[in-house]
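Here is a short briefing on one protein model. Keep the sequence and the 3D view open while reading.

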Amino acid sequence: MNHQISARKLFYGKSFKATIESIDEENKFITVEGLNTNKENNKDKYCFVVEYTTEIIWRNEKIDVSDLSVGNTILITATGRVFEESPAFLEHVLFIELLEK
């Protein structure tokens, strides 16, 4: 994957809803597409790595990345830069809340 140095915009604890398109559980790499109901800037495709500090929650209980599936609707809260590529790379995802299975 080619990460460009220039960032498109910054997230400071910004949240948006997305549908999971793919999951690489071994590398904890997830690709999502923002929902059409999001603001214009958050309807794109994004990818990110689930870090050891990323909290994943379902109904107020912590879960593991292995509990997520393609097609799930999630709420992502991210900080840092969004690298210009296709899909855009989120630098740091703080929280993932599973909304719908």
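The largest nonpolar core has 21 residues. Val32, Phe48, Leu68, Ile76 and Leu90 have the most contacts inside this core. The model is predicted: local features need pLDDT of at least 70, side-chain atom pairs count only at pLDDT 80 or more, and totals for chains, interfaces and linings use all residues. Residues are numbered from 1 along each chain as its sequence is written, and side-chain values use heavy atoms, with hydrogens and water left out.

**Nonpolar core**

- A nonpolar core is a set of buried Ala, Val, Leu, Ile, Met, Phe, Trp, Tyr and Cys residues joined through side-chain atoms within 4.5 Å.
- Buried means under 20% relative accessible area, exposed means over 50%, and partly exposed lies in between (1.4 Å probe, protein chains only).
- Strands here are DSSP runs (E, at least two residues), numbered from the N terminus.
- The largest share of this core comes from β7, with five residues.
- Leu68 touches Ile20, Ile23, Ile30, Ile56, Ile63, Ile74, Ile96 and Leu98, not counting residues up to four places away in sequence. Contact means heavy atoms within 4.5 Å.
- In soluble globular proteins, nonpolar side chains tend to be buried together.

**Strand pairing**

- Two strands pair if DSSP finds at least two bridges between them.
- β2 and β3 run antiparallel and are joined by five bridges.
- Ile30 stands opposite Phe48 in β3.
- β3 also pairs with β7, in the parallel sense, over two bridges.
- Cys47 has Phe89 in β7 as its bridge partner.

**Aromatic pairs**

- The whole structure holds two aromatic pairs. Rings of Phe, Tyr and Trp (its six-membered ring) pair if their centres lie within 6.5 Å; planes under 30 degrees apart count as stacked, over 60 as edge-to-face and the rest as tilted.
- Phe16 and Tyr46 form a tilted pair, 4.9 Å centre to centre with 45° between the planes.
- This pair links distant parts of the chain, with Phe16 in strand β1 and Tyr46 in strand β3, 30 residues apart.
- Phe16 counts as buried because its relative accessible area is 3%. Tyr46 is buried too, at 0%.
- Phe83 and Phe89 form a tilted pair as well, with centres 6.2 Å apart and 45° between the planes.
- Both Phe83 and Phe89 are buried.

**Asn38**

- Asn38 sits in the loop between β2 (29-34) and β3 (45-49).
- Is Asn38 buried or exposed? Its relative accessibility is 11%, so Asn38 counts as buried.
- A polar atom of the Asn38 side chain lies 2.6 Å from the backbone oxygen of Lys17.
- Asn38 touches Phe16, Lys17 and Lys43, not counting residues up to four places away in sequence.

**Salt bridges**

- A search of the whole structure finds three salt bridges. A salt bridge is a side-chain nitrogen of Lys or Arg within 4 Å of a carboxyl oxygen of Asp or Glu.
- Side chains of opposite charge can pair when their charged atoms come close.
- Lys45 and Glu21 meet through their side chains in a salt bridge (3.4 Å, N to O).
- That pair links distant parts of the chain: Lys45 is in strand β3 and Glu21 in strand β1, 24 residues apart.
- Lys45 counts as partly exposed because its relative accessibility is 41%. Glu21, at 33%, is partly exposed.
- Glu55 forms a salt bridge with Lys62, their closest N and O atoms being 4.0 Å apart.
- Glu55 is partly exposed, with a relative accessible area of 29%, whereas Lys62 is exposed, at 66%.
- Arg81 and Glu91 meet in a salt bridge (2.8 Å, N to O) between their side chains.
- Arg81 in strand β6 and Glu91 in strand β7 are ten residues apart, and the pair links distant parts of the chain.
- Arg81 counts as partly exposed at 33% relative accessibility, and Glu91 counts as partly exposed at 30%.

**Glu61**

- Glu61 lies in strand β5 (residues 61-62).
- Glu61 is exposed because its relative accessible area is 52%.
- Glu61 and Glu97 are 36 residues apart in sequence, and 9.7 Å apart in space, C-alpha to C-alpha.

How values were computed. Helices (H or I, at least four residues) and strands (E, at least two) are DSSP runs, numbered from the N terminus. A polar contact is a pair of N or O atoms within 3.5 Å; within protein, one must be able to donate a hydrogen and the other to accept it, and residues adjacent in sequence count only if both atoms are side-chain atoms.
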